[in-house]
Amino acid sequence: MESLSIYGTPYQFSSSIRQDKLLRDSFNQLTQLTFGFDFSAWHRAGLWTDGYQPHCLIADGQVVANISVNRMTFCWEGHPLSMIQLGTVMTRPDFRGRGLSRYLMERILQVYGGTVDLIYLFANHTVLEFYPKFGFSPVEETLFSREMPAPSGEVPRRLDADADFSLLLEMVQRGKPQGAFPMVGNRELSLFHLLGPYRDCLYLLPNLDVLAVAEYQGGSLLLWEVFSPQKLSIGQVLAAFSQPGISRAILGFPPNGLGGYALSPLPGGDDMLFVQGPAEELLRKQPFRFPALSHA
């Protein structure tokens, strides 16, 4: 760990807390306090790798501030794009207002700026004026929706995230996301979502060899992601979930081809997208959204 001083207060800096149980536990406690979840189960499953790297400030042996660096690759029109997503931005309440997030952001951008095609993050409404100070610009994402097709007769089989973990792992390893802007080679992040916030949305479509992440909300189906070893029509997947009273499908990823889809601004909520880097203009060229399961 590196010792340093910020406005006269001593801290230690570390970007390798994963290997230190006491600091990892402190990091998880702060994550639970800030966001209502932690990374303990993900770590026990062996899914926390160097691709997710917290950058922490430590005081009296406790993590008091953090910004995590997530190394990502996406495919855009057949070409790989290297990206860094910043996430788990948090400061312990009694250490807020001391410039700790500013210090971490400046340090991270000094190290990683200019090394990838894009650096991006999702910000909540309380900090929308903070990130432009560091060269980030907002980009509007698109909501893709369409009418539900006629039922196909396929019966989705509900999966249990714990009991069916081996099957989930197999499907993610064999399968590929089906959208036009897929995250590439990051099964660890996909499984974080499947074991965590989307654990109640998991379905196997045996006849299609598909793992679908989906849920019903009101009169709509929210199809968050589809994993399959071969390319297939999203309409086939939607047809398996068609039922009376469900008239519309909303995708958590951009589809391949826009025919039949209605486009509208994605409601920002607590997820306003900010970006910087050479690939920024690509994202402004056509409707897109980062897949829901790529959020870190």
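## A loop residue, Glu77

Glu77 sits in the loop between β4 and β5. Strands here are DSSP runs of E with at least two residues, and helices are runs of H or I with at least four, numbered from the N terminus. Phi of Glu77 is near 50 degrees, which is positive in a residue other than glycine. Glu77 is exposed, with a relative accessible area of 52%. Exposed means over 50% relative accessible area, buried under 20%, and partly exposed in between (1.4 Å probe, protein chains only).

This is a predicted model, where local features need pLDDT of at least 70 and side-chain atom pairs count only at pLDDT 80 or more, while totals for chains, interfaces and linings use all residues. Residues are numbered from 1 along each chain as its sequence is written, and side-chain values use heavy atoms, leaving out hydrogens and water.

Tyr7 is not a glycine, yet has a positive phi of about 50 degrees. Tyr7 belongs to the loop between β1 (2-6) and β2 (9-14). At 70% relative accessibility, Tyr7 counts as exposed.

## Helix α1

Helix α1 covers residues 21-35, 15 residues in total. From first C-alpha to last, α1 reaches 20 Å, close to the expected 21 Å. That expected span is 1.5 Å times one less than the number of residues. At the start of α1, a side-chain oxygen of Asp20 comes within 3.1 Å of the backbone nitrogen of Leu22. Just after α1, Gly36 takes a positive phi of about 85 degrees.

Which residues of α1 are buried? They are Leu23, Arg24, Ser26, Phe27, Asn28, Leu30 and Thr31. Their cover includes α2 (40-44), β3 (52-59), β4 (62-76) and β5 (79-91). Cover rests on contact, meaning heavy atoms within 4.5 Å.

## The cavity

The count comes to 1 cavity of 30 Å³ or more. On a 1 Å grid over the protein atoms alone, a cavity is a set of points where a 1.4 Å probe fits but cannot get out; a pocket is an open set with protein on both sides within 12 Å along at least five of seven lines; lining residues have an atom within 4 Å of a point. The largest cavity has a volume of about 60 Å³. Its lining includes Pro177, Met183, Glu225 and Phe227.

## The second largest pocket

This pocket holds about 290 Å³ of space. The second largest pocket is lined by 19 residues, with Gly175, Lys176, Pro177, Met183 and Gly185 nearest its centre. Helix α5 gives the largest share of that lining, 3 residues.

Note on methods: A polar contact is a pair of N or O atoms within 3.5 Å; within protein, one must be able to donate a hydrogen and the other to accept it, and residues adjacent in sequence count only if both atoms are side-chain atoms. Grid points are joined across faces, edges and corners, and a volume is the space filled by probe spheres set on the points.
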